[in-house]
Each structure stands twice: as C-alpha cells, then as structure tokens.
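Subject: The structure, and what turned up in it

Hi there,

Here is the structure I promised to pass on. Have a look at it first, and then read on for what I found.

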Amino acid sequence: KINGNRIQPRGAKFLGEALRNNDTLHELHISKNLLGAEGAMSLSASLEVNRGLHSLEMADNYIGALGWLAIGRMLKMKKAFFQHLGYNKFVLDDNKIVEPSIICLCEMMMNSQIDELSMNNNDFGAVGTTVLAEFIKKNKNLKSLSLKNNFLQWKEGVKIAKALELNNTLRKITLDNNNIGGPGGTALGTALETNRSLRIVSVDRNSIDDIGIIPIIEALKTNMIVRKLSIKDNMIGDEATEVMGYMLKVNTGLQELNLDENNIEDKAATGLVEGLKVNSSLKVLHLDKNYIGDLGAIAISEAIAVNFSLSLLYLRNVHIADKGALAIGKALESNQTLSRVYLMKDRVSDNALRMLTSKRISEQLIASLPLFSLYA
C-alpha cells in the first residue's frame, strides 16, 4: 500500500519497471497520488507482462479522460492483459472517468476476470452509461459493482436497471448518491422481479419517492434472494411503509433493511412493524433519524415481543421518550434474540433510565447479554 505519497509519472515509471518481472505481489494500492496520464501509461505497459497482480486500486490519481483513453487504446490492442492477469478487484474511484474513457474501459474489461469493480465519483454521461449498461448485460464474471456519486439521473438509472434484468452473475449493486428518482426505482423493481443473483442492493440518497419505492418492495414479495436492501435517505411515504409491512410478512430471504433518514412517522412505523410480528428472516433493521415517537415505539415493542429473528435494531436520533423506551425495555424481557437496541437517551428521563436498568434487564446486562443500549 503506497496510497497518498505524491507519486508522480517518473515514480510510476520506476515502479512499473520493478513490476515487470515480479510474480509475488498480489495487491497494489496506489490511490491518491499524482500519476496522471503519463504515469498510468507507464504502469499499464509494465502490468501487461506481470503475472502476479490480482488486485489494483488506483483511485484519485488525476488520470482524466485523455489518460483513460490512452490506456484503453493500448489495452484494447493487447487483449491478453486482463485474460492472463485474472484481476479480481479494480478500483477506479475519483479519476474523472467521462464518456470516451468509459467506452474504452468497458471494451477492455468485457471478457476480464474482474469480479469487483468500483467506479465511484466519476461522470459517465448518457452515452457512457449506455455503454456501461451493455457491459453489465454481457459480462459473466463481475460480482460487485459500485457507482456511487456519478450524477446518474433517472434515464441513466433506468438503463442500469434494465441491464440488471439480463445479468445473472452480479451479487452486489451500489448506486448511492445519484438521482435515479421514481422512474429509476420503478425500473429497479422490475429488474428484481426476474433477477435471481443480486444479494445486496443499495440506492441510498437517490430522491426515490413511493412511486419508485413500492415496485422495489413489491418485487421482494417473490424475490427471496436479496439479503440486504438499503434505501436510506429517500422519500418513503405511508403507502410504501404499509407495503413494506406486507412484504415482511411473506419474505423469507431479506436479512438487513436500512430505512434511515426517510421521515418515517408513527403511523408509517406502525404499518411497517406489523410485518415484523411474523417475519422470520430479518436480522438487522435501521430506523435512525426518522420521526418515530412513543406511539411508534410502542408498536415496535409489540413486534419485538413476538419476533425472534431480529438481532439488531437501530433507533438513534428519533423522537422516542419515556413511554416508548420503557415499552421497548419491557418487550426485551421476553425476547432473547434481540441482542441490542440502539437508542439516544437525550429524550429519556433519569427516572426512566433507572427503570430500564433494573430487574430482568440489569440481570441480563450483568450476564454480558446487553439487551438495551442507551447512547448519549
């Protein structure tokens, strides 16, 4: 790992010469340097003959469009590069990859052995996204793809989602911090109806409202393959949370659900937790930074009392006070599966805190089974 060392093109040339005949180094982390186009070219020329490297991270190196175009052209002429290298991880974050560059990169990676690709913080544009979507459709090896913060709008989101309908190898897709909106969410829901390879789906901060959220949730009524769904900081309404409750009643595959920062209020929380009463697969539920108060907490406590699959529950930065906290504490007395509930104590009185650390709760705390955590 030689990240953040201000390595410039001349240094990259020396490093490349050393790598030409090295067959013992398997991972190279060279992010946050100053390689530029010239340095990237020097490295790629040497790695063409290297037989040992399997993981390359070169994020944030000011390579830019011209640099990637040059690398892409060179690698396209030498097709054996990725075939004989057998790369399994390629990190290209923060490299100003734009439309012409992504076209070359996708062409060179099409038949590669890469199974983890990270291209966060770039700007592909409409044409680049179309090429990337074709890559997703046809690539047979990629297992994880991260496209955070790439200025993807709803049209680009639809393209990526439609590609996922035809992909049967990708297990993790991360589209956080884009703007795919309702149409992108709807298209993703359609993809999840048929896709049976994705295990982890993350679309945090994408301005998705109920129009886009509901199709995603509806798809999980029949899709039992997705293990983790994160839709943090979107625009989930009462209707979507009610549908989510119905989904949790029938879904037997989902293990982690992140609903942080979605303005969920007591009424919506009540509809959601109805599904928790009968769900037998969900292990982790995130509800931080919502508007859940005592009424919502009481509904949650009723679900906790009869749910025996949930092991972690996050309720930080919500509006739960004494009544809600005490109700959850009471429910934990009969639940031996929920190992920790994360709450904030700023709304809970000292008297209620003393009650929460007495009787059965304190005995379990002493026995190193912390069933209630109150964080300042």
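Tyr342 counts as buried, because its relative accessibility is 14% and the cut-off for buried is under 20%. Please keep in mind that this is a predicted model. The ring partner of Tyr342 is Tyr314, and the two form a stacked aromatic pair, with 4.7 Å from centre to centre and 5° between the planes.

Leu257 is 28 residues away from Leu285 along the chain, yet their C-alpha atoms are separated by 5.1 Å. Is Leu285 buried or exposed? With a relative accessible area of 2%, Leu285 is buried.

The largest nonpolar core has 98 residues, and Leu287 is listed with Met244, Leu313 and Leu315 as having the most contacts inside it. Again leaving aside neighbours within four places in sequence, the contacts of Leu287 include Leu259, Ile264, Leu272, Ile292, Ile300 and Val318.

Now for the helices. Helix H6 (residues 125–138) and helix H7 (residues 154–166) pack with their axes 8 Å apart, at an angle of about 10°. H6 and H7 are therefore roughly parallel to each other. On the H6 side the contact is made by Gly125, Ala126, Thr129, Thr130, Leu132, Ala133, Ile136 and Lys137. H7 brings Glu156, Lys159, Ile160, Ala163, Leu164 and Leu166. By class, the residues of this contact of H6 with H7 are eight nonpolar, three polar and three charged.

A second pair is helix H8 (residues 181–194) with helix H9 (residues 210–219), whose axes come within 7 Å and cross at roughly 10°. Here too, H8 and H9 are therefore roughly parallel to each other. Gly182, Gly185, Thr186, Leu188, Gly189, Leu192 and Glu193 in H8 meet Ile211, Gly212, Pro215, Ile216 and Ala219 in H9. The contact of H8 with H9 has six nonpolar, five polar and one charged residues.

Finally, a word on the backbone. Most residues other than glycine have a negative phi. Arg205 is not a glycine, but has a positive phi of about 50°. You will find Arg205 in the loop between strand E7 (200–202) and H9, partly exposed with a relative accessible area of 33%. Asn263, also not a glycine, has a positive phi of about 55°. Asn263 is in the loop between strand E9 (256–258) and helix H11 (266–276), and at 48% relative accessibility counts as partly exposed.

Best wishes

Terms used
Residues numbered from 1 in each chain as written. Predicted model: local features only at pLDDT ≥ 70, side-chain atom pairs only at ≥ 80, totals over all residues. Heavy atoms only, no water. Axes fitted to C-alpha atoms, helices over the stretch in contact; angles between N-to-C directions. Helix = DSSP H or I, 4+ residues; strand = E, 2+ residues; numbered from the N terminus. Parallel < 35°, antiparallel > 145°, perpendicular 65-115°, else oblique. Contact = heavy atoms within 4.5 Å. Nonpolar A, V, L, I, M, F, W, Y, C, P; charged D, E, K, R; others polar. Core = buried A, V, L, I, M, F, W, Y, C linked by side-chain atoms within 4.5 Å. Buried < 20%, exposed > 50% of the residue type's maximum accessible area, 1.4 Å probe, protein only. Phe/Tyr/Trp six-rings, centres within 6.5 Å; stacked < 30°, edge-to-face > 60°.
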